[in-house]
Amino acid sequence: MTQKIAVLPGDGIGPEIVAEAIKVLDYLNADMGLDIEFEQGLIGGAAYDASGSPFPEATLNLVKQADAVLLGAVGGYKWESLDIAVRPEKGLLGLRSELELFSNLRPAILYPQLAEASTLKPEVVAGLNLMIVRELTGGIYFGQPRGVRVLENGERQGYNTLVYSESEIRRIAHSAFKIAQKRDKRLCSVDKANVLECTELWREVMDEVAKEYPDVALSHMYVDNAAMQLVRAPKQFDVMVTTNMFGDILSDTASMLTGSIGMLPSASLDINGKGMYEPIHGSAPDIAGKGIANPLATILSAAMMLRYTFDQAGAADRIEQAVNDALNSNARTADIYSEGMKQVSTSEMGDAVVNALKVRAQNND
Ligand code: IPM
Ligand code: MG
């Protein structure tokens, strides 16, 4: 049965990096008969410019009937002064919320070839392989009430609400425990239970759900300590599960352990495993259009799509191996460049991955 991927390139470097992921998927599609087809849609600033909305009806319809979504990035200087309700980021948040993509998987894996590219000492990051499970459709990102109001004394006051219902905590807990079961069976739940009641409940519910997963060791950590531990000794973690905002922040930190934010893919899944796949980095408007962005996070996101939504672990493995091979061939985009390596453009990096796939196919391994 034909599987349809909704492709939403978005803004900034989005179109450039998405094109490379499609190049890789196209190759595998032909080589393995994956029976995938693509349909493009608008999101973010590009959608706002074309239709006045960062998340137009046509895009909503497209993603609803697609089997998976591949997204580039949204946002840019051009739209920063717009009202928050129509900013590009709202398009992304709308997508996550409309599709109920509550479970966001952000793996941080260090490719040994890039140990030197990390700003941390190689021995601190060598062998790093951690998974951050970020709650994606709740918490302070979506809590009501929110806004900016004028107080009686005429002063403006901004406010947002951190809110999690038990069922929201429970479902992300199950998601995280199940992932931990398939890995090293260690789950660290990150909260701020010493200050925020909402995350005190988070901790309680995590403990309750833990009873259903006796094979997984659950621990708890305050977010400030977790931020410190991530840069002090990141290899102590296997799976981390946390709230929407804490996950946003900790996953950026984790990305730097791997050398570059340009290397980190993500999957955002609903309860049935339908998903949206995107690099965790942003639209990088400062380098957009220059052909220097790193497409590997998007290419690795495509691998996650094959693994999680299409149940094509073999194809996903092939992409991940090919990325490894491309790095072994010393191809480096500017963000991961170090002396002695070969600096390549965005599309050359995509070509290096496709080429690695071809070479392995010819050698039958
Ligand atoms: C991310 C991004 C988004 C977020 C922005 C662009 C809305 O930072 O995916 O981590 O905050 O979730
Ligand atoms: Mg972020």
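I started just past helix α1, where Gly33 takes a positive phi of about 60°. Helices here are DSSP runs of H or I with at least four residues, numbered from the N terminus. I'm working on a predicted model, where local features need pLDDT of at least 70, side-chain atom pairs count only at pLDDT 80 or more, and totals for chains, interfaces and linings use all residues. Residues are numbered from 1 along each chain as its sequence is written, and side-chain values use heavy atoms, with hydrogens and water left out.

I listed its buried residues (under 20% relative accessible area, 1.4 Å probe, protein chains only); among them are Gly14, Ile17, Val18, Leu25 and Tyr27.

Next I checked α4, residues 88-98, where the buried ones include Pro88, Leu92, Leu93 and Arg96. Glu100 follows α4 and has a positive phi, near 50°.

Then the pair α11 (residues 313-328) and α12 (residues 346-362): how do their axes cross? They come within 8 Å and cross at roughly 115°, so α11 is roughly perpendicular to α12 (65 to 115 degrees counts as that). The axes are lines fitted to C-alpha atoms over the stretch in contact, with angles from 0 to 180 degrees between N-to-C directions.

Who makes the contact (heavy atoms within 4.5 Å)? I noted Ile319, Val323 and Leu327 among those of α11, and Met349, Val353 and Leu357 among those of α12. By class, I get eleven nonpolar, one polar and three charged residues there.

Methods
Chains lettered and ligands numbered in written order. Helix = DSSP H or I, 4+ residues; strand = E, 2+ residues; numbered from the N terminus. Parallel < 35°, antiparallel > 145°, perpendicular 65-115°, else oblique. Contact = heavy atoms within 4.5 Å. Nonpolar A, V, L, I, M, F, W, Y, C, P; charged D, E, K, R; others polar. Buried < 20%, exposed > 50% of the residue type's maximum accessible area, 1.4 Å probe, protein only.
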